[in-house]
Amino acid sequence: MSAEPQPAGWFARIPLWLRIAAPVIVVAVVAIIVAVAIAAPPTPATAESACRAAATDRLEGRGHTAVELADSLEVAEADGAQRVSGTVTFVDDSGATHHALVRCVVRTEGDAMRVTSVRFFD
């Protein structure tokens, strides 16, 4: 009577199907998490973030660079809309640095926010 040799190490004692299935499941879960993160809608907009995006787009559309809005913008309710104001710094196309006040009017329509006005004051 000869005894079968025992597999060496703990990994060899794990069934072959489990050694194949576990990495496949882990890769699939990671792929699903990445796909959901990419497809997930952005965080809910605030009046402040809507104003930041609109002001940055407007200035960059005029050829300005290095657009930086203040870390905190002031938000006030007025006439059924939110008025956002703060400071902005940008570099114009001639290389001069400008500091200005920015004021936005943001209206909420259902679940969507819409910037109806963006103005800059020197």
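These legends describe close-up views of a predicted model of one protein chain. Residues are numbered from 1 along each chain as its sequence is written, and side-chain values use heavy atoms, leaving out hydrogens and water. In this predicted model, local features need pLDDT of at least 70 and side-chain atom pairs count only at pLDDT 80 or more, while totals for chains, interfaces and linings use all residues.

**View 1**
Helices (H or I, at least four residues) and strands (E, at least two) are DSSP runs, numbered from the N terminus. Their order from the N terminus is α-α-β-β-β-β-β. Along the principal axes, the C-alpha atoms fill a box of roughly 95 × 40 × 20 Å. The radius of gyration is 28 Å, whereas a compact globule of 122 residues would have one near 14 Å. That radius is taken over C-alpha atoms, and the globule rule is 2.2 Å times the number of residues to the power 0.38. The accessible surface comes to about 9,000 Å², with 60% belonging to carbon and sulfur atoms. Areas come from the Shrake-Rupley method with a 1.4 Å probe; for residues, only the protein chains shown count as cover. Of the 122 residues, 20% count as buried. Buried means under 20% relative accessible area (1.4 Å probe, protein chains only).

**View 2. Helix α1 spans residues 16-39.**
It has 24 residues and reaches 35 Å from its first C-alpha to its last. The expected value is 34 Å, taken as 1.5 Å times one less than the number of residues. Helix α1 is hardly covered. The count of buried residues among its 24 is zero.

**View 3. A disulfide joins Cys51 to Cys104.**
The S to S distance is 2.1 Å. A disulfide is a pair of cysteine sulfur atoms within 2.5 Å, and by this rule the count comes to one. The link is right-handed, with 65 degrees about the S-S bond. It connects distant parts of the chain: Cys51 lies in helix α2 (residues 47-61) and Cys104 in strand β4 (residues 97-109), 53 residues apart. Cys51 is buried, at 0% relative accessible area. Cys104 is buried too, at 0%.

**View 4. His64 is a buried residue.**
Its relative accessible area is 15%. Leaving aside neighbours within four places in sequence, His64 is in contact with Leu59, Phe90, Val91, Asp92 and Asp93. Contact means heavy atoms within 4.5 Å. Across the chain, among contacts between residues at least 6 apart in sequence, 34% join residues at least 24 apart.

Conventions. Buried means under 20% relative accessible area, exposed over 50%, partly exposed in between (1.4 Å probe, protein chains only).
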